[in-house]
Amino acid sequence: MAPASKADRKAVVDAAAWMFNVVTSVGIIIVNKALMATYGFSFATTLTGLHFATTTLMTAVLRWLGYIQSSHLPLPELLKFVLFANFSIVGMNVSLMWNSVGFYQIAKLSMIPVSCFLEVVMDKIRYSRDTKLSITVVLLGVGVCTVTDVSVNTKGFVAAFIAVWSTSLQQYYVHHLQRRYNLSSFNLLGHTAPAQAGTLLLVGPFLDYWLTNKRVDAYSYNLASVTFLVLSCTIAVGTNLSQFICIGRFTAVSFQVLGHMKTILVLIMGFFIFGKEGLNLHVVLGMIIAVVGMIWYGNASSKPGGKERRSLSLPTSRQQKHGSLSDSNEHDGKV
């Protein structure tokens, strides 16, 4: 009875974590779209720096209140993470500017196979045939939904390549650092958010000027734009935290695969808000395929052998074999 209760409790917490991430991610997309399209605040990198500055403030308050315990993250690991994370943010912004929307979406989809590759090489993860097929179905469905015009140029390809690998490495390290140094999501954010805020607020205004030919200090601030700016920063705290919670509880691959549900929800909300001119048969078909793939992935990856870490040693006796099987269920098992 106790194991079942524990499993039920875990399922509830997992579902709550995913819901938290979906709500905050979709919310920040809508707010940022209004901020940039309606009020002309096109300084994406600086905005991200403000997001992390707000997150830093939140972690400082929680640490002062005693909700976050002191922890240690080696400086080389922190610098490595910040490097990947900032290249991810800058790379995605530059990729969006230099590439067609279609190629930008293809680049985002390619993060799933890259994340799989990192888990196979770095963590010795083994995927079952059903898990691999379900990932392929998700990629196909989201691709049908989102990929339209596709044109490629050299500098756009380089930007997309950097964005894909840096984002995949950043998400891999979220899971890796939490596991290796026994850090909670709050603890890891407490280490990384200040460094990201400082570097992005330092580089952001110059990068945004290069991308938009506009200066953030010359922007015409008013009550409405500042309200949306504060709202964006507030929601971003939840987005950053929920990402660390989800990747920490699952893996970067699961976060990427199931995270495409947000893409589907954004498309659906766009149809309701902006009209149904974009709603056609191939988009609806793509949504159905993607959702089927996500359900299949959740089922396939949770089964024994669906997604496991390979054991590094082979048992030499029957007793050792039973012991290693027990250990692998507890420590390796499903990830």
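Guide: A patch joins residues with over 30% relative accessible area and no salt bridge, like charges within 9 Å and nonpolar side chains (Val, Leu, Ile, Met, Phe, Trp, Tyr) within 5 Å. Areas are Shrake-Rupley, 1.4 Å probe, with only the protein chains shown as cover; a salt bridge puts a Lys or Arg side-chain nitrogen within 4 Å of an Asp or Glu carboxyl oxygen. This is a predicted model: local features need pLDDT of at least 70, side-chain atom pairs 80 or more, while totals for chains, interfaces and linings use all residues. Numbering runs from 1 along each chain as its sequence is written, and side-chain values use heavy atoms, without hydrogens and water.

Visitor: Which residues form the nonpolar patch on the surface?
Guide: Leu 83, Phe 87, Val 152, Phe 157, Val 158, Phe 161 and Ile 162, with about 650 Å² of accessible area together. Helices H3 (75-98) and H7 each give two or more residues, and H7 has the largest share, four. Helices are DSSP runs (H or I, at least four residues), numbered from the N terminus.

Visitor: And Phe 87, where does that lie?
Guide: In helix H3. Phe 87 is partly exposed, because its relative accessible area is 44% (the range is between 20% and 50%, 1.4 Å probe, protein chains only).
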